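User: I'm new to this one and would like a quick tour. Could you show it to me and then take some questions?

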Amino acid sequence: MSGVKIKRFSAFDRLVHWLMAFSFLALAFTGLLILYGKYFAMPLMGRVAYGSFLMVCKNIHNFTGPLFTICVVIFFLLFAHKNLPGKGDLQRYLTFGGIFSGKHVPAGFFNGGEKI
């Protein structure tokens, strides 16, 4: 309401988040094509084109996997300690984040709902 914006996450936090998100999508897409592509992509493309396409998918999958793993580890190290239960979490759960009490419940970096 005041117009003042508070920067909650650093540029590095956002970079790791988006690298992890895009690498996950690449792994999911290529993994599904590797696993089930012969049922729906090969009839559309033909065997030779599908073989070349599958080789590209395999390479993308193999090079993206380590990036995703590194991002997950970094993300865990950045945020695991901020997600441990704190002293105000129980109060926040009991008042449903202050909805029933009408009072602001202090939360820390992540509130109890975000931690769950």
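This is a predicted model: local features need pLDDT of at least 70, side-chain atom pairs count only at pLDDT 80 or more; totals for chains, interfaces and linings use all residues.

User: What covers the buried residues of H1?

Analyst: Helices here are DSSP runs (H or I, at least four residues), numbered from the N terminus. Buried means under 20% relative accessible area, exposed over 50%, and partly exposed in between (1.4 Å probe, protein chains only). In H1 the buried residues include Val16, Leu27 and Gly37. Their cover includes H2 and H3.

User: Where does H1 bend?

Analyst: A bend is the angle between axes fitted to the seven residues ending at a residue and the seven starting there. For H1 that angle is about 55°, and the place is Ile34.

User: How far apart are the end C-alpha atoms of H3?

Analyst: The expected span is 1.5 Å times one less than the number of residues. H3 covers residues 47-79, so its 33 residues should span 48 Å, and the model agrees with an end-to-end C-alpha distance of 46 Å.

User: Which residue marks the kink in H3?

Analyst: The kink is about 25° and comes shortly before the proline Pro66. Among the buried residues of H3 are Gly65 and Thr64. The kink lies at Thr64.

User: Which side chain meets Glu114 in a salt bridge?

Analyst: A salt bridge takes a side-chain nitrogen of Lys or Arg within 4 Å of a carboxyl oxygen of Asp or Glu, and the count comes to one. Here the N to O distance is 3.1 Å, and the partner of Glu114 is Arg8. Glu114 lies in helix H5 (residues 112-115) and its partner in the segment before H1, so the pair ties together parts 106 residues apart in sequence. At 34% relative accessible area, a partly exposed residue is the one asked for: Arg8.

User: Is Tyr36 buried, partly exposed or exposed?

Analyst: Tyr36 is found in helix H1 (residues 11-40). Together with Leu32, Leu35, Tyr39 and Phe40, Tyr36 makes a nonpolar surface patch of about 580 Å²; patch residues have over 30% relative accessible area and no salt bridge, with like charges joined within 9 Å and nonpolar side chains (Val, Leu, Ile, Met, Phe, Trp, Tyr) within 5 Å. Areas come from the Shrake-Rupley method with a 1.4 Å probe, and for residues only the protein chains shown count as cover. With 44% relative accessibility, Tyr36 counts as partly exposed.

Note on methods: Residues are numbered from 1 along each chain as its sequence is written. Side-chain values use heavy atoms; hydrogens and water are left out. Helices (H or I, at least four residues) and strands (E, at least two) are DSSP runs, numbered from the N terminus. Contact means heavy atoms within 4.5 Å.
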